[in-house]
Amino acid sequence: MRLTNLLSLTSLVALAVAVPDFYQKREAVSSKEAALLRREATECVSNENVLVEAPKSNIWTSLSKDEVQEVLDLLHSTYNITEVTKSDFFSNYVLWIETLKPNKTEALTYLDEDGDLPPRNARTVVYFGEGEEGYFEELKVGPLPVSDETTIEPLSYYNTNGKSKLPFDVGHLDRIKSAAKSAFLNENLNTTTMRTVLEDLIGVPYEDMGCHSAAPQLHDPATGAVVDYGTCNINTENDAENLVPTGFFFKFDMTGRDVSQWKMLEYIYNNKVYNSAEELYEATKKDDFVRLPKIDIDNLDWTVIPRNDSAPIRHLDDRKSPRLIEPEGRRWAYDADEEYFSWMDWGFYTSWSRDTGISFFDITFKGERIVYELSLQELIAEYGSDDPFNQHTFYSDISYGVGNRFSLVPGFDCPSTAGYFTTDTFEYDEFYNRTLSYCVFENQEDYSLLRHTGASYSAVTQNPTLNIRFISTIGNYDYNFLYKFFLDGTLEVSVRAAGYIQAGYWNPETSAPYGLKIHDVLSGSFHDHVLNYKVDLDVGGTKNRATQYVMKDVDVEYPWAPGKVYNTKQIAREVFENEDFNGINWPENGQGILLIESAEETNSFGNPRAYNIMPGAGGVHRIVKNSRSGPETQNWARSNLFLTKHKDTELRSSTALNTNALYDPPVNFNAFLDNESLDGEDIVAWVNLGLHHLPNSNDLPNTIFSTAHASFMLTPFNYFDSENSRDTTQQVYYTYDDETEESSWEFYGNDWSSCGVEVAEPNFEEYVYGRGTRINKKMTNSDEVY
């Protein structure tokens with residue numbers, strides 16, 4: 001992991017300052033001492049790198065380039081592996097190589113009991129096409145580094161179907177299959193007959209169209225057939241194809257590896273089905289054939305994102321907007337080798353993966369583990385529509401990859417004070433070392449953390465937070481992931497969405513129930529975004545209990561008011577004794593508090609030490625219950641939250657290989673829910689957030705981050721004896737004496753002196769539009785941009 005400081009001023013060259021272990025029991029420091037300590041820092045600095053030594057080695061970190069190469073060499077020497085660029089359905093080739101993270105049981109032995117370092121293993125997905133039946137297989141390679149003890153084994157212990165192999169027809173839509181589909185569609189749509197039809201109905205040359213298929217592919221387990229639906233959009237200079245649909249659709253059969261046997265089945269236009277190109281062509285020549293209105297391709301300014309230069313500049317918008325500064329340098333520290341961070345008594349390790357981006361492990365606060373693992377599991381987008389393309393669209397986005405995308409734009413995606421980090425991923429023979437993958441920065445929130453004004457005083461505590469952000473562009477949507485740490489031990493997880501909506505064609509006869517008309521022929525197709533997070537809380541250890549306080553109205557007759565009935569409020573504590581197949585939904589009107597409690601520890605007042613899982617914006621789940629496009633693949637999405645007993649075999653709620661295996665996916669979340677006891681157990685919460693998105697004209701040209709937002713929080717609940725930010729010096733205490741009319745201010749060492757820090761222009765040379773180093777069997781390296 002490499003930290004990049006994106007400042008161009010030589011006066012702000014990064015400095016490395018070593019500090020001791022991030023948290024230790026410290027002696028009390030008075031306000032006067034705090035002021036003296038602060039005044040000792042006489043030099044103004046910005047963006048300095050503060051180093052810290054991690055308590056332990058990072059056992060979850062991504063594979064290094066050398067480790068990947070060793071695994072790749074072993075695969076090549078074991079199997080007849082072909083380079084992806086030379087492969088077809090009958091070749092063997094490698095899709096992904098990544099870290100196989102250690103089981104929690106062995107990780108805790110290492111972390112807490114000074115046990116041995118867990119063995120390092122790799123997970124790889126290989127397609128085997130040389131046999132009679134093609135299939136994808138997950139393999140475990142380890143231990144690493146490669147030696148005589150290293151083996152290659154089928155990897156299935158975390159797959160609920162118990163299989164390491166996935167048949168070709170329900171397998172991953174990889175680059176080989178995607179290219180084959182595109183070639184098949186072009187061959188069948190770029191005929192004389194179909195060119196004539198398409199150019200007639202759509203109004204542009206065939207070369208200006210982009211015809212593509214929906215996801216997932218639809219497999220019928222009874223017949224073995226695989227079909228898919230597709231549509232054509234009009235290409236635009238600014239990649240706004242999703243805003244220019246045409247109302248033309250098709251269905252095709254793509255069963256098996258013999259592409260010559262694939263065939264077009266139907267052509268669909270204006271809700272009518274035609275069984276062949278000739279039938280559609282003949283229909284268009286009849287007088288009663290109804291042509292839908294065409295998009296005005298000469299008037300697409302409304303799809304363009306860059307500034308409208310014909311518009312006047314807003315009043316005072318010619319001035320620079322506010323910038324964030326660090327007047328006395330960074331206040332967070334990191335260990336680059338171990339990908340470990342510390343800030344204000346928080347500490348945690350990070351890991352990166354192709355599928356899900358950043359994950360957090362061993363999150364501690366004031367020396368105690370709060371969360372063992374916090375990680376994104378999956379994000380889906382499920383559409384409802386009157387057209388066959390959108391109606392069959394059910395995106396499982398980790399199949400495309402969340403952590404294999406583009407760089408952050410410095411100074412715009414993150415403030416100028418941020419530190420940017422490089423990550424490594426491997427897929428399709430290419431090792432990607434991406435700069436600016438995620439950023440870390442301290443922010444000053446626009447509201448105070450605590451304040452009160454009394455009869456003779458005012459007290460205000462500022463609200464600095466540590467923020468970790470990455471952004472993933474997956475097709476038409478950009479997802480902005482943020483993890484925010486607060487001074488009191490609270491952690492917030494949030495996501496925002498921007499980008500182009502996947503619009504439908506507005507059919508005045510049938511579209512209204514599925515979305516709004518938001519432009520001339522445009523339907524804002526109604527859809528859900530739902531994201532799943534694994535939250536493995538360890539509250540006072542691994543022996544936990546799940547409870548909730550239910551808030552309800554009751555009628556009560558009090559002993560101090562006999563004969564009078566009061567309608568009032570009461571709480572009732574309920575224990576979740578067992579796993580619940582139906583999951584948990586957030587209570588109506590917010591009348592409930594969900595807790596993960598310690599089953600063994602209480603605070604000084606006898607309350608179980610606990611953390612509250614608190615919904616924020618976007619506490620939603622799927623609307624559809626019996627989808628044809630995802631009947632068994634994403635069952636975690638049907639409720640707001642699920643609680644399970646921790647098992648090493650229940651590693652993740654979904655997998656990138658789930659998408660097309662509709663009825664027998666490698667990981668079916670329903671299998672996690674087998675009514676096991678939760679009382680006194682190690683409990684994992686699988687928390688969902690998202691939004692029901694009904695696009696409107698404010699989504700044109702792009703959906704905006706400010707409104708498409710969802711979040712949840714993990715916050716202490718009787719975990720301490722009191723709110724735990726009282727030790728920070730980032731506060732003020734004002735007192736006033738009515739009798740003497742004297743007042744005083746206590747700033748705890750803070751002042752408003754200016755250091756004259758310059759705000760430098762970001763160094764955009766570090767930005768890359770997807771740059772990686774290619775690795776093949778001969779280990780020749782070349783920089784590539786895709």
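First, the conventions. This is a predicted model, in which local features need pLDDT of at least 70 and side-chain atom pairs count only at pLDDT 80 or more, while totals for chains, interfaces and linings use all residues. Residues are numbered from 1 along each chain as its sequence is written, and side-chain values use heavy atoms, with hydrogens and water left out.

The whole chain. There are seven helices and 42 strands; these are DSSP runs numbered from the N terminus, helices being H or I with at least four residues and strands E with at least two. The chain has 786 residues, and 54% of them are buried. Buried here is under 20% relative accessible area, exposed is over 50%, and partly exposed is in between, with a 1.4 Å probe and protein chains only. Of the contacts between residues at least 6 apart in sequence, 68% join residues at least 24 apart, where contact means heavy atoms within 4.5 Å.

Now the annotation. Which residues does UniProt list for "active site"? The unreviewed entry gives Asp397 and Tyr477. UniProt positions are in the numbering used here, feature names are shortened, and annotations may be inferred rather than shown by experiment.

Asp397 sits in the loop between β20 (394-396) and β21 (419-427). Asp397 counts as buried because its relative accessible area is 4%. Beyond its neighbours within four places in sequence, Asp397 touches Glu378, Leu379, Val402, Ile474 and Tyr479.

Tyr477 belongs to strand β26, residues 477-485. The unreviewed UniProt entry also carries "modified residue: 2',4',5'-topaquinone" for Tyr477. Is Tyr477 buried or exposed? Tyr477 is buried, at a relative accessible area of 3%. With neighbours within four places in sequence set aside, its contacts include Tyr383, His527, His529 and His693. The side chains of Tyr477 and His527 are joined by a polar contact of 3.0 Å. A polar contact is a pair of N or O atoms within 3.5 Å; within protein, one must be able to donate a hydrogen and the other to accept it, and residues adjacent in sequence count only if both atoms are side-chain atoms.

Next, Glu442, in strand β22, residues 430-444. Glu442 is buried, at 9% relative accessibility. Its side chain has a polar contact of 2.6 Å with that of Arg331, and another of 3.1 Å with that of Trp343. Apart from neighbours within four places in sequence, Glu442 also has Leu324, Trp332 and Pro464 among its contacts.

Last, the cavities. On a 1 Å grid over the protein atoms alone, a cavity is a set of points where a 1.4 Å probe fits but cannot get out, and lining residues have an atom within 4 Å of a point. Grid points are joined across faces, edges and corners, and a volume is the space filled by probe spheres set on the points.

How many cavities of 30 Å³ or more are there? The count is twelve. The largest share, five residues, comes from β19.

Technical notes. 1 Å grid on protein atoms, 1.4 Å probe; cavity = no way out; pocket = protein on both sides within 12 Å on 5 of 7 lines; lining within 4 Å.
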